[in-house]
Amino acid sequence: MKQEGEKMRIMQFPLVTLTIAGCWPPSSWSTFCKRTVYNVYTIIVTLLLFTFMVPQFMDIVLNVDNADDFTDTFYVMLAMVIAVCKMLGLLLNRKNIEMLTHTLVEKPFKPLGPDEIEIRQKFNNLIQNKAMVYTFMIETTCASMGLTSLLTEFRNGNLAYREWIPYDYYSSDILFYITYFHQMISLTAASIVNVACDNVICGLLLHICCQIEILECRLKKSLRNQSDFGECVYLHNRIYKFSYAMNKNFKFIIAGQFIVSTLVVCSSLYRLAKTELSAKYIPLALYTICMLIQILIYCWYGNEVRLKSIQFADQIFDMDWLALDKKTKENLIMIMNRSLIPIEFSSAHILMNLESFGKLLKVSYSIYNVLQIM
């Protein structure tokens, strides 16, 4: 129970959003009945995503015959596609996420002194604040899109988004209301799943930065006390293993996010260029900004991990080597040799750094120009 409490404290808000998304049953729900209720909730969320994504795909296949109609359906469908990918990825990796969060509260990752506890608390607060701001921004955008649709499309008797529907929803007000609010609820569910996945991945990336800072602190203490460096070597090795495991578990989600973000940005830019300044323009602009930020945070924090690992090697190089004994020098050389290879996250040959984000914008703009020509 104590480890469970520590685990919740280090990833408190990201795991709460994961629970709301239907991917992380509450630890207190240990009885069979409560677990069954939560599993039913998970199935409902998954069905909401699929029953909105598939009709949109069918609309593109069966009904779309021009670039305007294509982008009208495509930009929302892609958000549903990545939400489905993230939902499935999170459900399949539930055990791996539990293992990663559990590892952070055990040795050698567990803070050993007041200074290391202070570093951990600093990053805990950073993760909490960043996740809350990101969640507020995404859900505010989702709410603005829903409100704009209610004031425009719903009042005019139209659905919020294009989709292929196998029945005549205009034949009955009840059918229209069910179809319309199904779209709204599905879009909200997709936004929550996206937020939950992004919060967890970025939270774990920041914890890698946290562990590198703790390693720096532990290394300096060992130098001052002339104590054994074996613990530092072990922690450094475990940080690399933790990073490798995380990259392996989430590489398909990261690759999907890059591809979808590229396509969404270019299609959203096309729609912005075609949309006159009106009530519809604001939620569309907010949606485009959110999709950019969604991939930017992956690249930003991936870049932070890389820089942190490189800076650690530089700090070792700047130490007073002449005052150290032979055993200490051998341990430092071992750590330094490992640090020559920075910690980088990649998927499908795409590195998570700011350079990749710049390339993504260039590709998006190129596809946008092709759509304009078409």
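Predicted model: local features only at pLDDT ≥ 70, side-chain atom pairs only at ≥ 80, totals over all residues.
Reader: At roughly what angle do the axes of helix 8 and helix 10 cross?

Author: The axes of helix 8 (residues 230–274) and helix 10 (residues 326–339) cross at roughly 15° and come within 10 Å. The two helices are therefore roughly parallel to each other. Their crossing is left-handed.

Reader: Which residues of helix 8 and helix 10 make the contact?

Author: Helix 8 contributes Cys232, Val233, His236, Asn237 and Tyr240, while helix 10 contributes Asn331, Met334, Ile335, Arg338 and Ser339. By class, five of the contact residues are nonpolar, four are polar and one is charged.

Reader: Where is Pro342, and what does Pro342 touch?

Author: Pro342 lies in the loop between helix 10 and strand 1 (346–347). Leaving aside residues up to four places away in sequence, Pro342 touches Tyr240, Arg306, Ser309 and Ile310. Tyr240 also belongs to the helix 8 side of the contact with helix 10.

Reader: Which residues of helix 5 are buried?

Author: In helix 5 (residues 94–103), Ile97, Leu100, Thr101 and Thr103 are buried. These residues cover an arc of only 160° around the axis, which puts them on the same side of helix 5.

Notes: Residues numbered from 1 in each chain as written. Heavy atoms only, no water. Axes fitted to C-alpha atoms, helices over the stretch in contact; angles between N-to-C directions. Helix = DSSP H or I, 4+ residues; strand = E, 2+ residues; numbered from the N terminus. Parallel < 35°, antiparallel > 145°, perpendicular 65-115°, else oblique. Left-handed = near helix turned anticlockwise from the far one by under 90°. Contact = heavy atoms within 4.5 Å. Nonpolar A, V, L, I, M, F, W, Y, C, P; charged D, E, K, R; others polar. Buried < 20%, exposed > 50% of the residue type's maximum accessible area, 1.4 Å probe, protein only. Arc of directions from axis to C-beta.
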